[in-house]
Amino acid sequence: MNVKEIFETMEYGPAPEAAAPGLAWIQERTPLNLFINNQWVKPAGGQYIDSINPATGKRLAQVAAATSADVDAAVAAARAAFETWSKAPGHVRARYMYAIARHIQKHSRLLAVLESLDNGKPIRETRDIDIPLVARHFYYHAGWAQLMESELPGYQPVGVVGQIIPWNFPLLMLAWKIAPALAMGNTVVLKPARYTSLTALKFAEIVQEIGLPPGVVNILTGEASQVGEALVRHPGINKIAFTGSTDVGRSIRRATAGSGKKLSLELGGKSPFIVFDDADLDSVVEGVVDAIWFNQGQVCCAGSRLLVQENIADRLIEKLRERMEHLRIGDPLDKAVDIGAIVSPGQLKEIQRLVNTGVEEGAVMWQPSWACPTEGYFFPPTLFTNVSPATTIAQVEIFGPVLVSMTFRTPAEAVELANNTRYGLAASVWSENINLALDVAPKLKAGTVWINCTNLFDATSGFGGYRESGFGREGGKEGLYEYVRPKWETLEAPAKEFHIAEESASTNGSRPAVSADEDREFEGGEQLLDGYTPMFPAIDRTPKMFIGGKQTRPDSGYSRDVYDPQGQVIGQVGEGNRKDIRNAVEAAHAAGGWAAGTTHNRAQILYYIAENLSVREDEFARRIVQQTGRSYADAAAEVQAAISRLFSYAAWADKYEGAVHRPPLRGVALAMPEAIGVIGMACPEEHPLLGFVSLVAPAIAMGNTIVVIPSQVAPLSATDCYQVLETSDLPAGVVNIVTGDRDLLSQVLAEHDDVDAIWYFGPAEGCKRIELASAGNMKRTWVSYGHPRGWMDTAQGEGEEFLREATQVKNIWVPYGE
Ligand code: NAD
Ligand code: MN
C-alpha cells in the first residue's frame, strides 16, 4: 500500500509491538521455577505446566506446578521474614516499595509485552493501563508504609498473608494484593492464576533486584487444587486475600470458617450501565466500548448490562452497532487493535455456551459482519437486545465481550433493574443532569459508581463489592484495614471462653465469667446484696419480643426462665424461633428508610436514648446485679459506660463521613461510608447492657436496621430497653429484639438471604457455624472467635472498628468538564 492509498482508505497498517524481548526473556528462563525466600526453587513434585499464548494457542512457557510441600516452605519463609519485616520502621518499608515502583517503570515495556503475550489482552491496554496502574499502586502504598505509625495508631500487621489472584489483570491484581500487605508490615505467599504467571515471575525478579529481604514476597505458580487449596487451609497463614469467581470465593469462605483467618474477597459482577435519555450518546457509545470490550469483557466490573431509557433505546442501539462494526480484533501486540484474545479455550467455550443460551431464551443476538482470526481464541463483540431481566444472560456473569441490553422508563425503574442481581461490584450512570445522576448513585447497590465515565481505577479509591461481589476493599485508606488488626488483639487461643452453661439453672457455672476481683466479691454473697432487695419480684411479667416497634408474643408460645447466679428464677423471656427471626428481618427491611434520613436526626435519637436510659440508671444497675451477682458499684459503672457509649455514637453519627479522593483525572471520587443494610447480631454474654448497647448503637448510628439477640443468660437488661427505645422516637423496626437460644437464633440469621451482615460475639465453635452459614449469600461477618474483648475499655469496646464494621464504602467518581 502506498501513502496515497492509505490516505484514501484510512486503513491502519499493522503496528505490532516487538514480541522478541518478551520471548527472549521466556526462552532464557523456561521452565520457570518457584520463588521462595528470594531463591528460584524447583517444585517439590518436579512437575511443570504449560502457559499458552491465547492469540496463537501455542505454548509460550513452562512454569512450575507447586505442591503442598512448596506451600509449606514458602509459608515458613514468609513467617521467618515476618519477624523482622513487621518490625521494620515504616520508612524502611516505604523505601523498598518506592524501589519496586521505580523498577516496574524501568521494566514497563517488557512487562506490558509479557502480559499481552500471556493473557491475550491488547498491548495498548497493558502499556497504558495495567502497568502504569501497577506502578501507581506501589507508589501510593509506599506512602502508607511511611505514614502507618501516625495514621493507623493502634494497629499491627496481620501476619503471613496467602493471596490468590485471577488471570484477567495478572500483574495489576498482584499489585493490588502485595502493595497494601507490604505497606502494613505483612509478608506474603502469592499464587497467580494458572494461565498467567509470567509477569508475576518477572515481578519476583524485581523483588530480587531491589534486594527486598528474603521471604517477604514468595510466588508459587501452579494449579488451584494444589497451591490454592493448600494456602487456604494452611495453619501458618493469618489471612487470605482472594480475587476470583463468586463460587470459589464461597468455597474459601467455607474452608476458612472458624479458622480465625482474616478474609477479603473480591468476586464477580454483573454491573449495570445506565443511560438516561438526556445523556450525550456519542460519549455513551465510547463508554460502552470501555465498559464491555475493554480486556475482551473479562473484567469483574464490566458494564455488562446496558440499561437504556426507552425513548432513546433504538437510537443508541443503532449507534452501538455502527461502532461495533469498526472495532478491530486481532493480534494483541498490534497497537491499533481494540480487542485481543480470550484467555483460554475453556473460557471461550463458556462464552459461546452462554451466548447460545441467550439465543435459546429468545433474546436477539447481534454481531458485526467481520470475522475473527481463526488462529487463537477470539470471540466477536456481541450485543443482545430483547433481553428479559430474569433470563440467564441477564443474571449470570458471562466474563466475555457480550453485552445485554434492557430498557426502563423512569429513574425508579432504572434503579430497580440495576439492583436486580445478586452482585454489587460497580455501576455507571450516564446523564447530563448531574442532580439526577447524584440522586441515583446512592441508590445503587455497588461498591463503585462511575458518573459519565466507566472502568476508571486509582490507588486512592477503594475498590470492592456489595452483596455477592464479596467484602473488603482494595485501595484507599479503607483497603489498609484488610491488612491490619488492633494492637490489643492477641492471636493466642482465648484464655477463658465464655460459654453458656448447658443447665442455666445450676447454681454453679451459670454465671458470667468474672474477673478475680469480682469473684472475691461474689464469695461473700450477702455483702454483695448489701441491703438491697430486688425490685423485680420473680416472674411477675414476661417481656415479649420487640419486633417492628411492637412488643409481640413469641411464635412458639413458650417462655424461658432467667436465673440469678444462685439459680433462682428472676424472670422469663420469650422463646424465640425461626418465625420470630423472619418477622424481625422483615420489620428491619421495612424500616430501610432509616438510612436515608439525616445523620443529624440519627444523632438526636441516640442522644435521646442515652437521656432516657440515664433517667433509669439505678433501675438498670439493679437489674445487672440481679442477673449477674456483680456488685452494685460495678453494675452502675456498666450502665454509665453504656450511656457514654450512646453519646459516643450520637457524636459519630454525623462525623463518620468518608473522603474526597483526588485520583489523577479532572474530577473527584467521593468515598462515602454507607449503611450495610440489615445486620443480625448476637450480643456477648458478659455485659448484659453494655454488650447490647456496644453493638446496637454503632449499627443504628450508621443507618443500619438490626435484629438483636441479647445475652442468653442475662437478657433482661436488653428487654428492659424496650421502653427506653419506645420513648426515644426511634422509628419502628430499626431495632428488633428476639430472645431465646443464641445459637439457634443466630444460625437462622446467618442463613437468611435478606440479612446483609452478621456480628457474633460468642464461643469459637459458634463463630465457625456463623461463618459457614453466612456463605449462602456471602454476607459480611464479624465474629470474635471466642477471643475476649474488654467491653468496659473504650479502646476495645467502641470506636472506628465498630463504625467500619457497620458501613461499606462506596466510591462515586465524578469527572469534571464538558
Ligand atoms: P477463579 O475463581 O476460577 O480463580 C481465581 C484464582 O483462584 C485462580 O488463581 C485459581 O487458580 C484459584 N482457585 C480456584 N479454585 C480454588 C480453590 N478451590 N481454592 C483456592 N484457590 C482456587 O476465577 P478466574 O476464572 O481466574 O477469574 C475470573 C473471576 O474473577 C470472575 O468471576 C471475575 O469477576 C473475578 N474477578 C473479580 C475481581 C474483583 O476485584 N472483584 C477482579 C478480577 C476478577
Ligand atoms: Mn497464558
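**Entry 1**

I began with proline 31, which sits in the loop between helix H2 (20-29) and strand S1 (34-36). Helices (H or I, at least four residues) and strands (E, at least two) are DSSP runs numbered from the N terminus. The model is predicted, so I note that local features need pLDDT of at least 70 and side-chain atom pairs pLDDT 80 or more, while totals for chains, interfaces and linings use all residues. Residues are numbered from 1 along each chain as its sequence is written, chains are lettered from A and ligands numbered from 1 in the order in which they are written, and side-chain values use heavy atoms, without hydrogens and water.

The peptide bond between threonine 30 and proline 31 is cis, with omega about 0°. Most peptide bonds are trans.

**Entry 2. Helix H2**

Which residues of H2 are buried? I found Gly22, Trp25 and Ile26. Buried means under 20% relative accessible area, exposed over 50%, and partly exposed in between (1.4 Å probe, protein chains only). Seen down the axis of H2, the buried residues fall within an arc of 95°, so they line one face of the helix. The arc is taken from the directions that run from the helix axis to the C-beta atoms. Ala20, Gln27 and Glu28 are exposed on the other side of H2.

I then looked up what covers the buried residues of H2; the cover includes strand S4 (58-64), H5 and H8. Contact means heavy atoms within 4.5 Å.

**Entry 3. The manganese ion**

Which protein atoms are donors of the manganese ion (ligand 2)? They are Ile52 (O), Asp118 (O), Asp118 (OD) and Tyr195 (O), at 2.2 to 2.4 Å from the ion. Donors are N, O and S atoms within 2.8 Å of the metal (3.2 Å for Na, K and Ca); water is not among the atoms, so sites may look incomplete. Along the chain the donors have the spacing I-x65-D-x76-Y. Aspartate 118 is in helix H5 (residues 108-119) and tyrosine 195 in the loop between strand S7 (187-191) and helix H8 (198-209), so this pair, 77 residues apart, links distant parts of the chain. Aspartate 118 counts as buried at 1% relative accessibility, whereas tyrosine 195 is partly exposed at 32%.

**Entry 4. Strand S6**

Next I took strand S6 (residues 160-164), where five of five residues are buried. Val160, Gly162 and Ile164 are buried on one side, and Val161 and Gln163 on the other. In a regular strand the side chains alternate between the two faces of the sheet.

S6 and S7 run parallel and are joined by five bridges; two strands pair if DSSP finds at least two bridges between them. Glutamine 163 has leucine 190 of S7 opposite. S6 also pairs in the parallel sense with strand S9 (residues 239-243), over four bridges. Here valine 161 stands opposite lysine 239.

Together S6, helix H7 (residues 170-183) and S7 form a right-handed β-α-β unit. Right-handed means that, with the strands pointing away from the viewer, the path from the first strand over the helix to the second runs clockwise.

**Entry 5. A sheet of 10 strands**

I traced an open sheet of 10 strands with mixed pairing, in the order S13-S14-S15-S12-S11-S16-S17-S31-S25-S24. Strand S13 (364-366) and strand S24 (659-661) are the edges, each pairing on one side only. From one strand to the next the twist averages 20°. Axes are lines fitted to C-alpha atoms, for helices over the stretch in contact, and angles run from 0 to 180 degrees between N-to-C directions.

Strand S25 (residues 667-675) and strand S31 (residues 807-815) run antiparallel and are joined by nine bridges. Glutamate 674 has glutamine 808 in S31 as its bridge partner.

**Entry 6. Two residues with positive phi**

Most residues other than glycine have a negative phi. Asparagine 295 has a positive phi near 55°. It lies in the loop between helix H11 (281-293) and strand S12 (303-309), and it is buried, with a relative accessible area of 0%.

Arginine 467 has a positive phi of about 50°. Its loop runs between strand S17 (448-451) and strand S18 (470-471). Is arginine 467 buried, exposed or partly exposed? At 29% relative accessibility, arginine 467 counts as partly exposed.
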